[in-house]
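Biologist: Please show me the structure, and then let me ask what stands behind each label put on it.

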Amino acid sequence: MASKKQICAACGFTGLGSPQRSSSGGASHEICPSCGFEPGYTDDDQDISPEQWGTEWRASGSKWFSKSIPAPRKKSAPKAAVEKSVRPTKKVRARSVKKRNR
Amino acid sequence: MNQSWKSFFCLSALFLAQFSITKAVELKTGPTATLSKEGVVVTWTTDGISGTRLHYGRQPALLNFKEDGGLGITHEVTLEDLEPGPTYHFSLGTAKRWLTSGTLTLSPSGEVVITTEKGDSKTNTSTANPTPAKPKELEKAESQPLPKLTPARPAPIKPPANAPPPQKVPPTSKTWGYIPSLQDHFDRHGRDFQSTSPEDYAAKAWLFLQYAKRNNLPMKWDSADRTLRVWEPRSRAFAAYNANGTTKTFFRPNSDTYWSRQPGRPIKPDELPF
C-alpha cells in the first residue's frame with residue numbers, strides 16, 4: 001500500500017515527510033525542500049500565507065530551495081498521475097497476451 | 001534484470017540531482033541608507049530576482065514595522081516614520097528568508113548610519129545627508145571607528161553562575177529529527193543563536209531542551225502529532241521536539257503572540273515521555 005503523499009500548500013511539492021498541519025492545527029515545521037515554506041514559521045510568525053509564498057516563489061523562477069536535499073530529477077507528479085504510472089503499460093500487457101496465445 | 005535497471009536509473013538520478021541543486025538568493029551589495037524627502041531609503045541588491053522585505057523596530061526582538069517592495073535584483077524600501085535619535089533594529093531580505101540584519105540610526109542633523117551584520121563579520125556602513133556636508137565634517141565622520149555591531153536578535157541565554165557543569169551533547173544524529181533538513185534549518189534560524197555550524201545549531205537546540213527541563217520553562221504537549229513545544233519568554237526562544245526528544249526546529253519568533261497561539265496542553269518536565 002502506498003503511503004499518503006504530503007503536499008506543500010505553497011508550491012504543491014508532493015514529497016513532504018509529514019502533513020504541514022496536524023489535526024490540532026500544530027505546524028510540522030518541516031521546511032519544504034522545493035520552495036522553502038516552513039509551516040509554523042513562514043505563516044504563523046512571518047505572516048506570509050502559503051499562497052503568497054508560492055506566488056513569489058514561482059515569480060522568482062521556482063528555484064529548488066534546499067541546499068542539502070537534492071531536487072528530484074522530475075517534479076513530483078500529482079497523485080493521479082503517479083498511480084497511473086504503476087499500472088502495467090500497454091506493451092507489457094500485449095506481450096503477456098502474446099505469450100498466452102502461443 | 002528489470003529491477004537492476006530500475007536501481008541503476010534511480011542511483012543515476014540521485015547522482016545527477018546532487019549537481020542540480022540551485023543556490024538560494026544571496027545578498028550581493030548593501031544595504032545602504034540615504035535620506036530623502038519621503039524618509040530613509042534603504043537599498044540593496046541580490047544575486048537573483050527575489051522579493052523585497054524589511055522589518056524594523058525599536059527592540060531587536062520586536063521588529064513590528066514592515067516595508068515590502070517589488071520583485072527584482074535591486075531592492076528599495078522607504079521608511080517614512082523614523083524618529084531622529086533612537087536606534088532601530090532591522091532584518092531585510094526576501095519573503096522567503098532574511099539576508100542580513102543590523103541597526104539604523106537617524107541623527108538629528110539628518111545623517112543616517114546603518115550597520116549590518118551578515119554571517120559573522122561583514123560590516124557595511126553608509127552615511128547620507130540631504131544637504132551637502134562640509135569636507136571637514138565628512139573627514140571627522142570617516143575617521144570615527146565604526147559603531148559596534150549590534151545583532152538584530154537578543155544574545156543567547158547565559159547560564160547563571162550556579163549552573164551545573166556543561167553537559168556532553170550527544171551526536172547530531174541522536175538529537176536532530178530529520179538530518180537532511182538540518183542544513184536548511186541552520187541556514188534560516190542558526191543566526192538567531194549565533195550558531196557556527198549545523199551541528200552547533202542542533203547542539204544548542206538539544207541544550208535548550210535540557211535547560212527548559214531543569215528550569216521548568218513553559219512547555220506544551222500536542223497529542224495530535226506528539227510534538228513538544230517549548231518557550232523561553234526572556235530570550236524569546238522557541239523549539240519544537242518530536243516524541244523521542246529529537247528537534248524539529250529552534251528559532252526566535254518575532255510575533256508577540258506566537259507562544260500563546262501554539263496548540264497543546266501545558267506539561268511539566270517529569271510528565272514528558274523522554
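This is a predicted model: local features need pLDDT of at least 70, side-chain atom pairs count only at pLDDT 80 or more; totals for chains, interfaces and linings use all residues.

Biologist: How many helices and strands does chain B have, and what makes a run of residues count as one?

Modeller: Helices are DSSP runs of H or I with at least four residues, and strands are runs of E with at least two, numbered from the N terminus. By that rule chain B has five helices and eleven strands. Chain A has three helices and zero strands, in the order α-α-α from the N terminus.

Biologist: What makes strands 8 and 9 of chain B a pair?

Modeller: Two strands pair if DSSP finds at least two bridges between them. Strand 8 (residues 227-232) and strand 9 (residues 237-241) of chain B are joined by five bridges, so they qualify, and they run antiparallel. Within this pairing, Val230(B) has Ala239(B) in strand 9 as its bridge partner.

Biologist: Why are strands 10 and 11 of chain B said to stand at the edges?

Modeller: The open sheet has five strands in the order 10-9-8-7-11 (chain B), with antiparallel pairing. Strand 10 (247-251) and strand 11 (265-266) of chain B each have a single partner strand, so one side of each is without a neighbour in the sheet.

Biologist: Why is the contact between Lys67(A) and Glu26(B) called a salt bridge?

Modeller: The rule asks for a side-chain nitrogen of Lys or Arg within 4 Å of a carboxyl oxygen of Asp or Glu. Here the N to O distance is 3.7 Å, so the pair of Lys67(A) and Glu26(B) passes. Lys67(A) lies in the loop between helix 1 (50-59) and helix 2 (79-85) of chain A, and Glu26(B) in the loop between helix 1 (2-18) and strand 1 (27-35) of chain B, so the pair joins two chains.

Biologist: Are these two residues buried or exposed, or in between?

Modeller: Buried means under 20% relative accessible area, exposed over 50%, and partly exposed in between (1.4 Å probe, protein chains only). Lys67(A), at 36%, is therefore partly exposed, whereas Glu26(B), at 15%, is buried.

Biologist: Which parts of chain B does the salt bridge of Arg53(B) and Asp68(B) tie together?

Modeller: The closest N and O atoms of Arg53(B) and Asp68(B) are 2.8 Å apart. Arg53(B) lies in strand 2 (residues 40-57) and Asp68(B) in strand 3 (residues 65-79) of chain B, so the pair ties together parts 15 residues apart in sequence. Arg53(B) is buried at 11%, and Asp68(B) is partly exposed at 46%.

Biologist: How do you know that Arg229(B) and Asp222(B) are buried?

Modeller: Their relative accessibilities are 0% for Arg229(B) and 3% for Asp222(B). Their side chains also meet in a salt bridge, at 3.1 Å from N to O.

Biologist: How many salt bridges are there over all chains?

Modeller: The count comes to twelve. Elsewhere, Arg21(A), Asp43(A) and Asp44(A) are linked in a network of salt bridges.

Methods: Residues are numbered from 1 along each chain as its sequence is written. Chains are lettered from A and ligands numbered from 1 in the order in which they are written. Side-chain values use heavy atoms; hydrogens and water are left out.
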